[in-house]
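Hello,

Here is the structure I promised to pass on to you. Have a look at it first, and then read on for what I found.

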Amino acid sequence: APVPPERLLNALLERLPAGAGHGRGCGAESLLDDIVLTHSLFLPTERFLQQLHQQYPSGALEGHPSPRWEEGAALQRKRAVLAVLLHFLETYKGLLQEEESAGKVIKELYLLIMKDTSLYHDLEDEILKLHQLVETVELKVANETPPPNKQVKPLFRHFRRIDSCLQTRVAFRGSDEIFCRVYMPDHSYVTIRSRLSASVQDILASVSEKLQYSEEQSTREDSLILVTMASSGEKAVLQPSEECVFTTLGINSHLFACTRDTFDSLVPLPEEIQVVPGDTEIHRAEPEEIANHLTAFHWELFRCIHELEFVDYVFHGERGRRETANLELLLQRCSEVQHWVGTELLLCESLGKRAHLLKKLIKIAAICKQNQDMLSFYAIVIGLNNAAISRLRLTWEKLPGKFKNLFRKFENLTDPCRNHKTYREVLAKMKPPLIPFVPLILKDLTFLHEGSKTLLDGLVNVEKLHCIAEKVRTIRKYRSRPLCLDLDSSPSQLQTKAYVRQLRVIDNQNLLFELSYKLEPGGQ
């Protein structure tokens, strides 16, 4: 039943003692997971933890209460608080490194619990787990000194160094430091070192420092603004308070710093990819190699996404955009693969070779589907359905009938009719590990978000929280087993791996159409 936000945690704690510690699946455990996953929709993390802290009976030991009292309500409540804190820490883990105020409350509550360890003789495992978790999550507390020589992580789209792209991907956090290029109107650039979650104001301060802009200049009308520029020429001014802008850039988009009077004269950088015919790695490598490397890379990216990023991305919880960096990078990769399909086909001038490549791409999609990598599968099918590709009548006519039929089946599978019914049925039969088509999960969460209110007359809509948590639990299920692909480390395999992980693509639809009409003019 709906309850006021301030009563929800209390209601959970009252139900937990009977069920806590007796395995997943009981009503109290399910409610616990629902609330921990979705609490930010109605209660900020710091406030949630403060409420949990307040629910821990304190002063019991100082008063030397009778053993009978300790065996009663207070002891049960302490155990319930311990169960919630454990589940909270297990769920959030790395995200808590960004929450200084939350870290302080957790440490205070942890110290309270550790004082009472003598009360938990039958909960030794839980106490040990709590101790390990508090150490593992590396909680930040305000005024603590940061670790020296923090590693700088390259964002894969902006730093195409072979050694970086071959390394296993690790999750990004807001406090991670990255290198980033910021361009000037004349296409010169400065490289700055910045936190991933840095605000536009912070980025401009770093750029100004590099350019040695004086304070006097920056207060005048010729102060710098930060602009995103797409390869198509589309540009937008970023607001000073915006954060974590690096992961929101398009595939071939760049950051420009300029003054307001030079904004109109900004033009995109010259195309990063050479628009000339020539064989790339896709023509040499076997379809199985390319498909397996696509799956392996997308599994790494999918594993980096914290399950709560899905909630934050749609519901804009109090953690804001800074905790959705890994999800945004995967979504951009999905778009990148779609454009890669078109780029490779349209840079292939020979009709026979192009038809052979089209057949190879359909084979790659089939193997990705076999690998249960539905993200790559969907992206390739969408890429082949790009208007600049689907209009290549001569190329499609040269495709063997078997592959035409196979592609028709793929189109049916990705058909959005009846809320993607065919795809959902296929997905339901798959066992983990698998990579779903992530944009559809976000669509489902958006439907839940817009379909009902989180608060009704000041009461929390618990049913909505449960539906959101259920959707997040499917992501947990997909990743519940490790992905095992047989990939050797021969020089040719490493070459394919590097190619797949740093695709060079044309994302300018006008340019794709130009290339398409050049290959097969209209009316032919």
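Helix α12, residues 287-304, reaches 26 Å from its first C-alpha to its last, close to the 26 Å expected for its 18 residues at 1.5 Å a residue. Please keep in mind that this is a predicted model. α12 is mostly covered, with 16 of its 18 residues buried.

Helix α16 (residues 374-384) is another mostly covered one: ten of its eleven residues are buried. Among them are Met374, Phe377, Tyr378, Ile380 and Leu384.

Next comes helix α6, which spans residues 100-115. Its 16 residues reach 23 Å from first C-alpha to last, close to the 22 Å expected. Which residues of α6 are buried? They are Ala102, Gly103, Val105, Ile106, Leu109, Tyr110, Leu112 and Ile113. An α-helix has 3.6 residues a turn, so residues three or four places apart point the same way. The partners that the buried residues of α6 pack against are α3 (45-54), α5 (73-92) and α7 (124-136).

Now to the strands. β1 (residues 177-183) pairs with β2 in the antiparallel sense, over seven bridges. The two form a hairpin with five residues between them, and His187 in the turn has a positive phi of about 75°. Thr191 of β2 is the bridge partner of Arg181. The side chains of β2 (residues 189-195) alternate along the strand.

Is Cys258 buried or exposed? With a relative accessible area of 1%, Cys258 is buried, because buried means under 20%. Cys368 also counts as buried, at 0% relative accessibility. As for disulfides, with a cut-off of 2.5 Å between cysteine sulfur atoms, the count comes to zero.

Finally, the chain as a whole. Its secondary structure comes to 24 helices and seven strands. Of the 524 residues, 52% count as buried. The accessible surface comes to about 24,700 Å², and carbon and sulfur atoms account for 51% of that. Among contacts with a separation of 6 or more, 75% are between residues 24 or more positions apart.

Best wishes

Definitions and conventions. Residues numbered from 1 in each chain as written. Predicted model: local features only at pLDDT ≥ 70, side-chain atom pairs only at ≥ 80, totals over all residues. Heavy atoms only, no water. Buried < 20%, exposed > 50% of the residue type's maximum accessible area, 1.4 Å probe, protein only. Helix = DSSP H or I, 4+ residues; strand = E, 2+ residues; numbered from the N terminus. Expected span 1.5 Å × (residues − 1). Contact = heavy atoms within 4.5 Å. Areas by Shrake-Rupley, 256 points an atom, 1.4 Å probe, with all protein chains shown as cover. Pairing = 2+ DSSP bridges.
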